[in-house]
Amino acid sequence: MLRRTRRTLWIVAFVLLILAAAIYLRFKAPPEAARLLPESEGIVYVNLRPLRALVHKNLKPITRAPDYQGFIDATGIDWERDLEEAAIALHRMPDPHGPNGPVAYSMVLVGKLDGKALAHWLEAHANNKETYDGHAIYSIPSEGRTVRIAQIAYDTVAISNTPSTEQIHSMLDRHRTAALPFSGSTLLAEHYSEMPILSVAWAMGQVGLPFTENGNISVLGMELPLAANTTFLASVHWAGALKLRVIEIASDENTAASQAASLNLLLNLARGATAGLSANTANNSLKEVLKTAEITQHRNRVVVNAALPQNLPIELLNGATGSASSEDSNSGTK
C-alpha cells in the first residue's frame, strides 16, 4: 500500500512539473498573433486589452464615415471597440515607387468577430477567392493593390497586401503549429527574449521603414542620423508607470558611440524647440517625454529610456479611433 501511494505521489509530482514547465514556456513565448506572422524586416505588436481596461471610460464618442458605418452595420464588427490584439509584419518592397510604396504589410488581428457576417461582406467585395489549407482567402482591390484576407480562427483574421500570396499562405501554415510556444519568424526568435515583461506594445527589426525619406528616418519632421535598415527593439511596458525603451543595434561600439552623441544633440535641440510651445495636452505630453528621455550607450547598442505621461494611452486611442473613423470600410485592410 505504501509503495502504491509513493508511486502515485511521484506520478502527480511529475504531471505537476510538466504543467508548470508548459505554463512557464507559454508565459515566456511571444503572443500567438505575432507567432503567426511571416518572415519580414520588422514586427509591430500591440495588446489593446489592458489599454482599453485602463481608459475605456475616458474615450471620446466618435463620428464614423458613412462607408465605415456601413461595414459595421453589415458585419457587426467595430474595430475601435472589438480589436484586442494587432500584430503587423513590415515587408520592404524592392520598388519604393510601386503601388505598395516602400513597405507592404501582413497583419494578424484578434478580436470579437462575427465570422458569418464577415464572410458575407468579403464575398460581396472580393474580386477573387482562393481556398488554401481549408481556409478561404478573399482578394479585395484597394488603391492599386490587392488585399488578401482570411479568417483563421473564430477570433482571428490574417491580412496581407504584399504583391504575392506567399505571406498569407505562410500565416495559414504557421497557424497549424501555433500551439508550439516558440514557433514564429526568424526575427521573433532572435529578439523577443529581450522584450520587457508586461509590455503592452513592442516592435523589433527595421521598424523605421514606414518613416523613411531619401534613405533616412524622419520623425515629427526631424531627420534622424539613422539608416532605414537600422535594427531597433522598442517597447512600452509597465514598471510602476508606463515606460518607453528603444534600443538601436549598431554595427560596432564606435558607431554606437557616434550615434548616441548625435541623438543626444538632437534631443537637446528638440527640448529647446518645444520649450515655447503652448500648453495643451499634446504639447505637454511631448515635453514630458523629452524631459525624461535618457540616451546611453552599452557596447554596440544605443538605449533610449523615457517615462510616458499617464494620459498618453487615452490620447492615442482617441486619436486612433478618430483617424480610423475618417477612412472607408477598407481602412482596416489597406
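How many helices and strands are there in the protein chain? The protein chain contains 11 helices and 15 strands, where helices (H or I, at least four residues) and strands (E, at least two) are DSSP runs numbered from the N terminus. The structure is a predicted model, in which local features need pLDDT of at least 70 and side-chain atom pairs count only at pLDDT 80 or more, while totals for chains, interfaces and linings use all residues. Residues are numbered from 1 along each chain as its sequence is written, and side-chain values use heavy atoms, with hydrogens and water left out.

Of the 334 residues of the protein chain, 45% count as buried; buried means under 20% relative accessible area, exposed means over 50%, and partly exposed lies in between (1.4 Å probe, protein chains only). The protein chain exposes about 17,900 Å², of which carbon and sulfur atoms supply 58%, with accessible areas taken from the Shrake-Rupley method with a 1.4 Å probe and, for residues, only the protein chains shown counting as cover. Among contacts (heavy atoms within 4.5 Å) between residues at least 6 apart in sequence, 63% join residues at least 24 apart.

The axes of helix α9 (residues 253-274) and helix α10 (residues 281-292) come within 10 Å and cross at roughly 145°; these axes are lines fitted to C-alpha atoms, for helices over the stretch in contact, and the angles run from 0 to 180 degrees between N-to-C directions. At this pair of helices, L267, A270, R271 and T274 in α9 meet L286, K287, L290 and K291 in α10.

A search of the whole structure finds 9 salt bridges, each defined as a side-chain nitrogen of Lys or Arg within 4 Å of a carboxyl oxygen of Asp or Glu. One of them joins the side chains of E39 and R174 (3.4 Å, N to O). Because E39 lies in the loop between α2 (32-35) and β1 (42-47) and R174 lies in helix α7 (residues 166-175), this pair ties together parts that are 135 residues apart in sequence. E39 is partly exposed at 39% relative accessibility, whereas R174 is buried at 16%. Another salt bridge is formed by the side chains of E84 and R49 (3.1 Å, N to O), linking distant parts of the chain, with E84 in strand β2 (residues 83-92) and R49 in helix α3 (residues 48-55), 35 residues apart. R49 is partly exposed, at 37% relative accessibility. The side chains of R176 and D173 also meet in a salt bridge (3.4 Å, N to O), in which R176 is exposed, with a relative accessible area of 54%, and D173 is partly exposed at 26%.

On the surface, I197, L198 and W238 form a nonpolar patch with about 350 Å² of accessible area together; patches are made of residues with over 30% relative accessible area and no salt bridge, with like charges joined within 9 Å and nonpolar side chains (Val, Leu, Ile, Met, Phe, Trp, Tyr) within 5 Å.

Positive phi values occur at D133, with about 55° although D133 is not a glycine, and at E143, where phi is near 50°. D133 lies in the loop between β4 (128-132) and β5 (135-142) and is partly exposed, with a relative accessible area of 37%. E143 is placed in the loop between β5 and β6 (145-153) and is exposed, with a relative accessible area of 58%.
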